[in-house]
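These are my notebook entries on a structure that I am reading for the first time. I set down what I looked up, entry by entry.

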Amino acid sequence: MLKTRIITALVLLAVLLPVLFFNYFPAFALVVTLFVGAAVWEGARLFGLGESRARVAGFIGGALFIALMYSAKPGAVNALYGVAALLWLIRYAPTLGLGLPPLAGAANWSLAITFTFAVFAAFFALVGLYLKSPLYLLSVMVLVWIADIGAYFSGKAFGKRKLAPSISPGKSWEGAIGGAIAVLVLASLSVILANGAAPWLQDTFAWKLQARFGWVPALLVLLVIVIFSVIGDLFESQLKRRAGIKDSSNLLPGHGGVLDRVDALIPVLPMAALVTSWL
């Protein structure tokens with residue numbers, strides 16, 4: 001399993017890093033569209049759609065995404081980010097305590113439609129942040145990865161109180177707090193370095209936050225991002241638990257599916273893009 005995970009990771013890096021840094025937008029748009037189609041397909045399966053219909057949904061989702069990506073106006077896209085942020089705040093986060101509707105009926109399909117909307121918003125934000133610069137996009141994504149890594153090691157070392165035992169028994173409050181501390185410390189360090197030894201770090205989300213709003217608001221925004229990365233992770237875990245499956249798919253051998261890899265990014269990317277529009 002470890003060998004499979006390593007091979008898959010290397011293949012993904014071999015594909016994604018050139019696409020990110022060669023600054024050829026059509027290639028980037030193609031890769032993102034493929035990921036959108038896969039995410040919509042996986043999401044349809046999580047909400048109870050049959051395999052053949054889920055594949056059709058994935059194809060339509062990818063085609064619709066690329067059509068909208070080349071036609072959407074900036075004002076509409078910013079509104080999309082704002083609506084997605086509100087959905088996570090008032091619709092998805094409460095389900096972690098209240099539970100999901102049954103895997104059938106109008107409530108389930110209503111949630112499926114809004115979640116597909118949230119997925120679209122996340123990938124639109126991915127494109128928007130990339131157009132600002134590949135480094136800027138990575139600086140947002142790295143925050144989520146640091147939170148996840150910090151939570152893993154903090155949870156292993158100190159985890160005692162379960163964060164959401166009925167959804168994801170392996171997660172603890174200590175792990176979540178450790179992940180948040182790791183993000184705040186490393187982001188602060190990057191800002192300090194950007195003002196001194198590493199000026200290239202000025203093209204990052206954390207630096208621009210601090211430069212525009214000051215330390216306290218910047219750290220609060222970063223903390224909110226960490227919180228919503230945890231919510232995104234738990235929400236997808238909840239969907240999988242309801243559907244009775246371990247991974248959203250087997251598209252990425254050793255890593256599960258696309259949603260398994262981007263679950264924490266789905267709420268974070270639109271929020272980061274919305275904040276970026278204010279910077």
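This is a predicted model: local features need pLDDT of at least 70, side-chain atom pairs count only at pLDDT 80 or more; totals for chains, interfaces and linings use all residues.

At roughly what angle do the axes of helix 9 and helix 12 cross, and within what distance do they come? Residues are numbered from 1 along each chain as its sequence is written, and side-chain values use heavy atoms, with hydrogens and water left out.

Entry 1: helix 9 and helix 12.
I found that the axes of helix 9 and helix 12 cross at roughly 40° and come within 11 Å. Helices here are DSSP runs (H or I, at least four residues), numbered from the N terminus. Axes are lines fitted to C-alpha atoms over the stretch in contact, and angles run from 0 to 180 degrees between N-to-C directions. Helix 9 and helix 12 are therefore oblique to each other. I keep the classes at hand: under 35 degrees is roughly parallel, over 145 roughly antiparallel, 65 to 115 roughly perpendicular, and the rest oblique. The crossing of helix 9 with helix 12 is left-handed; this term applies if the near helix is turned anticlockwise from the far one by less than a right angle, and right-handed applies if clockwise. I then listed the contact: Phe205, Leu209 and Arg212 come from helix 9, and Ala272, Val275, Thr276 and Trp278 from helix 12. Contact means heavy atoms within 4.5 Å. By class, these residues are five nonpolar, one polar and one charged. Ala, Val, Leu, Ile, Met, Phe, Trp, Tyr, Cys and Pro count as nonpolar, Asp, Glu, Lys and Arg as charged, and the others, Gly among them, as polar.

Entry 2: the largest cavity.
I looked for cavities and found one of 30 Å³ or more. On a 1 Å grid over the protein atoms alone, a cavity is a set of points where a 1.4 Å probe fits but cannot get out, a pocket is an open set with protein on both sides within 12 Å along at least five of seven lines, and lining residues have an atom within 4 Å of a point. The largest cavity has a volume of about 40 Å³, a volume being the space filled by probe spheres set on the points, which are joined across faces, edges and corners. Among its lining residues are Ala187, Leu209, Trp215 and Leu222. Helix 10 gives the most to this lining, with four residues. The lining holds eight nonpolar, two polar and no charged residues.

Entry 3: helix 7 and helix 10.
I turned to helix 7 (residues 134–158), which packs against helix 10 at an angle of about 70°, with the axes 10 Å apart. That makes helix 7 roughly perpendicular to helix 10. Their crossing is right-handed. Leu143, Val144, Ala147 and Asp148 of helix 7 meet Leu222, Val226, Ser229 and Asp233 of helix 10. I counted five nonpolar, one polar and two charged residues in this contact.

Helix 3 (residues 51–69) and helix 6 (residues 106–132) pack at about 45°, with their axes 11 Å apart. The crossing is right-handed. Phe124 of helix 6 belongs to this contact. I next examined the second largest pocket, of about 340 Å³. Of its 18 lining residues, Val77, Tyr81, Phe124, Gly128 and Leu131 are the closest to its centre. Helix 6 gives the most to this lining, with six residues.

Conventions. Helices (H or I, at least four residues) and strands (E, at least two) are DSSP runs, numbered from the N terminus.
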